[in-house]
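Open the model in a viewer and keep the sequence beside it. The stops below say what to select and what is found there.

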Amino acid sequence: MKIFNTLSNQKEELELLNKQNIKLFVCGPTVYDYIHIGNARTYLIFDAFARYLRAVGYKVYYLQNITDIDDKIISRAKESGMNVKQIARKFEKEYLLDEKSLGINSVTKHIRATAHIKEIVKQIQTLIEKNYAYKIENDGYYFDITKFADYGKLSKRTVLQAEDSVSRIDESVGKKNRGDFALWKFYKDGEPFWKTALGNGRPGWHIEDTAITEKFFGPQYDIHGAAIDLIFPHHEAELAQQEAASEKKPFVKIWMHSGFLNSKGNKMSKSNGAFLTVKDFLKTNDPNILRLISLNHHYRSPIEYSDELVFQTKEQWSNLLQFLAKLNIKKSNSKSSLSNKPINQIREDILFTKNDFNESLQNDFNTPKAIASLHLLINKYQAKVFTINREDGKNLAKFITNHLKLLGFKTKLPEIPSKVIKLGVRRELFRGNKQFAKSDLLRKELDGLGYTVDDTPFGPLLWPK
């Protein structure tokens, strides 16, 4: 399996890693607000990625941090009248609920930053001892980027280019270089703090990740994932901190970054107010729709979100489920025994699709190509679905369902209300007695209730519009 490595700027063999235990770390949320669907895209991608790795034999320890101390959390606490811990716990809980609602269950462990102050302090002390960090009185400890010769190798920036950007909570008039970043911030009135050998204060943003991963994975591990906007300065800072502290390279073997979900040409972001929360999206949409939107695009490519995209994705998902429903009608109907001739071509097509599906995912986790291979198989048998014998139909449905499940999709068919089913049965009786005027009236009534009727050789298929 090959994955594009941001560090080397090329695809690299995953097989070079220890197949018995892949260590995967993905940057989790800063818990000061509800996550939006742009955030969710990243988590859906890595959920599918971890699922697939496990399905093909890798043992994956998937670690995700929770940033529960940060300027944004402090500001939200002041605005709300709640304390920092209350805000952090509230939105951490909401994030975990959103994960559950989206069917994201591949994370081995979620880790709070504030649960690892001891490890954070220890790593900062190491950086101070090795002369990579310096103290600014009444401010905090900062990392001196000029002391780390490889600074910029991930984002492909020089130290001078790094001067054009500062990360959050890193502004300070006392810094040696504008690009230097905070490791520890000293206590200010009204802010939470920890009593440590560094002084009373709280951690910077970047240090929590390396302190956490060093505790769980050691100074080096396999894959670090997140959205592309974290390459600089966040991941660049992580790389500098850990390699400076441990003097071991590489800190991470493969850096894997996902593209943005854009709205009207701009990155979906809380800071610009242009975002749709996961909770609001799920009020009117099945969780599978957001997963399909995410995986219909290559993980490194941007997505332009729109109502039209949602509508098209709903149609795509509905067509797929309808195909499975037709196979299900055939399987459960005794008349289907009339069509019992095996079709060898189906078995060959299933094997071909299986190979195409896996080859696509093995090549930089190309989910759109993998999903397209399933649609090609469905399209081939869409018009002749009722000519397939029962056993082949069962195998075809199982193959499609299992491969969608592998990426985290749930292929549960829609539940049809009993009232709608009864109307469908009455309509079928009228059709059987050639009372077509009455059956047409019931079709219109079903349409008014939001259901279409597809008259199949094995009975009507009722489907929500």
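Start by selecting F365. Leaving aside residues up to four places away in sequence, F365 touches M1, K2, I3, I45, A48, F49, Y52, H298, Y299, S360 and L407, where contact means heavy atoms within 4.5 Å.

Before the next stop, a note on the model. It is predicted: local features need pLDDT of at least 70, side-chain atom pairs count only at pLDDT 80 or more, and totals for chains, interfaces and linings use all residues. Residues are numbered from 1 along each chain as its sequence is written, and side-chain values use heavy atoms, with hydrogens and water left out.

**The cores**

Together with F365 they have the most contacts inside the largest nonpolar core, which has 87 residues. A nonpolar core is a set of buried Ala, Val, Leu, Ile, Met, Phe, Trp, Tyr and Cys residues joined through side-chain atoms within 4.5 Å. Buried means under 20% relative accessible area, exposed over 50%, and partly exposed in between (1.4 Å probe, protein chains only). Helix α1 gives this core its largest share, 11 residues. Another core, of 40 residues, lies apart from it; C27, Y151, I212 and V252 are among its members.

**The parallel sheet**

Helices (H or I, at least four residues) and strands (E, at least two) are DSSP runs, numbered from the N terminus. Two strands pair if DSSP finds at least two bridges between them. Now show the open sheet of five strands, in the order β5-β4-β3-β10-β11, with parallel pairing. Why is one side of β5 (109-112) and of β11 (252-258) left without a neighbour in the sheet? Both stand at the edges, each with a single partner strand, so one side of each has no neighbour there. On average, neighbouring strands of this sheet are turned by 25 degrees against each other, direction ignored.

Select residues 22-26 and 60-66, which are β3 and β4; five bridges pair them in the parallel sense. Within this pair, I22 stands opposite V60. Next show helix α1 (residues 37-55), which packs on the sheet and touches β3, β4, β10 (221-227) and β11. The direction of α1 makes about 160 degrees with that of β4. Axes are lines fitted to C-alpha atoms, for helices over the stretch in contact, and angles run from 0 to 180 degrees between N-to-C directions. Helix α6 (residues 207-217) also packs on the sheet, touching β3, β4, β5 and β10, and its direction makes about 150 degrees with that of β4.

**Antiparallel strands**

Move to strand β8 (residues 181-186), where six of six residues are buried. Strand β7 (residues 140-143) pairs with β8 in the antiparallel sense over four bridges, and F143 stands opposite F181. Strand β9 (residues 201-203) also runs antiparallel to β8, joined by three bridges; there R202 is the bridge partner of K185.

**Helix α11**

Select I350, in helix α11 (residues 344-362). Is I350 buried or exposed? At 15% relative accessibility, I350 counts as buried. Leaving out residues up to four places away in sequence, I350 touches L377, N395, L396 and F399. From I350 to N395 is 45 residues in sequence and 8.8 Å in space, C-alpha to C-alpha.

**The whole chain**

Finally, zoom out. The protein chain has 15 helices and 16 strands, and its C-alpha trace spans about 90 × 50 × 35 Å along its principal axes. Of its 465 residues, 53% are buried.
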